[in-house]
Amino acid sequence: MSRIGKAPIAVPSGVKVEMKPGNVIIVTGPKGSLTKTFPERLGIAEQDGTITVSRPDDSNSMRALHGLSRTLLANMVQGVQGGYTKSLEINGVGYRVAKVGENLVFQVGYSHPVQVNPPQGIAFAVEGTNRVHVTGIDKQLVGQVAANIRFIRKPEPYKGKGIRYAGEKVRMKAGKAGKVGGKKK
């Protein structure tokens, strides 16, 4: 049995879980509401403030879906209660970000500024001129928007310039070997 899949999900107070036919789960909390359809063969039951996910057999596909579905459901419960935040840092001379209305405008070495519009359910916060915080209740959407922002200018390995996740370590490469010792004769 999957260790992740068999763990019950605690439903905190203020979070309401509604189950519809066809394994459609609607989780509503103080931050908003999320809806997801799970495979019909999985059994999802709510009892005494906990949710459990069970599988009908031990086939490889069911074993994989068991743990995945339990984790997705737990992420929905946590998202509507506390939300998710992903932070990014901008490194480089002249690289900066500004918030214009709800949008972000990046100056990251291109000949033009790059504008990023938030999708539905995502909010941006800017700290100084080199930190961006992406917040929302859907963990997958927050991560995807943060990855799209990082893709604008990925950190390069020679000087470390670019957009990176907060706390991300970029492996630096040595420059040209001829530059270190001076001119060769």
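Reader: Leaving aside its neighbours within four places in sequence, which residues is Asn 103 in contact with?
Author: This is a predicted model, to start with. With those neighbours set aside, Asn 103 is in contact with Ala 98, Gln 115, Val 116, Asn 117 and Pro 118.

Reader: And where does Asn 103 sit?
Author: Asn 103 belongs to strand 9. Its side chain also makes a polar contact with the side chain of Asn 117, at 3.4 Å.

Reader: OK, zooming out. How many helices and strands are there in the protein?
Author: You'll find 4 helices and 13 strands. The radius of gyration is 22 Å, well over the 16 Å that the globule rule gives for 185 residues, so the protein is more spread out than a compact globule.

Reader: What does the C-alpha trace span along its principal axes?
Author: About 75 × 45 × 25 Å. As for burial, 34% of the 185 residues are buried. The protein exposes about 11,400 Å², with carbon and sulfur atoms supplying 51% of that.

Reader: Now the inside. Which residues have the most contacts inside the largest nonpolar core?
Author: That core has 20 residues, and the ones with the most contacts inside it are Ile 90, Leu 104, Phe 106, Phe 124, Val 134, Ile 149 and Ile 163. Strands 7, 9, 10, 11 and 12, together with helix 3, each supply at least two of the core's residues.

Reader: Which of those gives the largest share?
Author: Helix 3 does, with 5 residues.

Reader: What does Phe 106 touch, not counting residues up to four places away in sequence?
Author: Quite a list: Ile 90, Arg 96, Val 97, Pro 113, Val 114, Val 116, Val 132, Ile 149, Ile 152 and Ile 163. Apart from the core we were discussing lies another one, of 17 residues, with Ile 9, Ile 25, Val 53 and Met 76 among them.

Reader: Which residues of helix 2 are buried?
Author: They include Met 62, His 66, Arg 70, Leu 73, Asn 75 and Met 76. After helix 2 comes Gly 83, which has a positive phi, near 80°.

Reader: What about Glu 89, buried or exposed?
Author: Glu 89 is buried, because its relative accessible area is 19% and the cut-off for buried is under 20%. Glu 89 sits in strand 7, and its side chain makes a polar contact with the side chain of Arg 131, at 2.7 Å.

Reader: Anything else that Glu 89 touches, and which residues would those be?
Author: Beyond residues up to four places away in sequence, Glu 89 touches Asn 130, Arg 131, Gly 162, Ile 163, Arg 164, Tyr 165, Ala 166 and Gly 167.

Reader: Last one: where is Asp 138 found?
Author: Asp 138 is in the loop between strand 12 and helix 3. At 30% relative accessibility, Asp 138 counts as partly exposed. Not counting residues up to four places away in sequence, Asp 138 touches Leu 34 and Tyr 84.

Reader: And how far apart are the C-alpha atoms of Asp 138 and Asp 57?
Author: They are separated by 30 Å, and the two residues are 81 apart along the chain.

Definitions and conventions:
Residues numbered from 1 in each chain as written. Predicted model: local features only at pLDDT ≥ 70, side-chain atom pairs only at ≥ 80, totals over all residues. Heavy atoms only, no water. Core = buried A, V, L, I, M, F, W, Y, C linked by side-chain atoms within 4.5 Å. Buried < 20%, exposed > 50% of the residue type's maximum accessible area, 1.4 Å probe, protein only. Contact = heavy atoms within 4.5 Å. Polar contact = N/O pair within 3.5 Å; in protein donor to acceptor, adjacent residues only side chain to side chain. Rg over C-alpha atoms; globule rule 2.2 N^0.38 Å. Areas by Shrake-Rupley, 256 points an atom, 1.4 Å probe, with all protein chains shown as cover.
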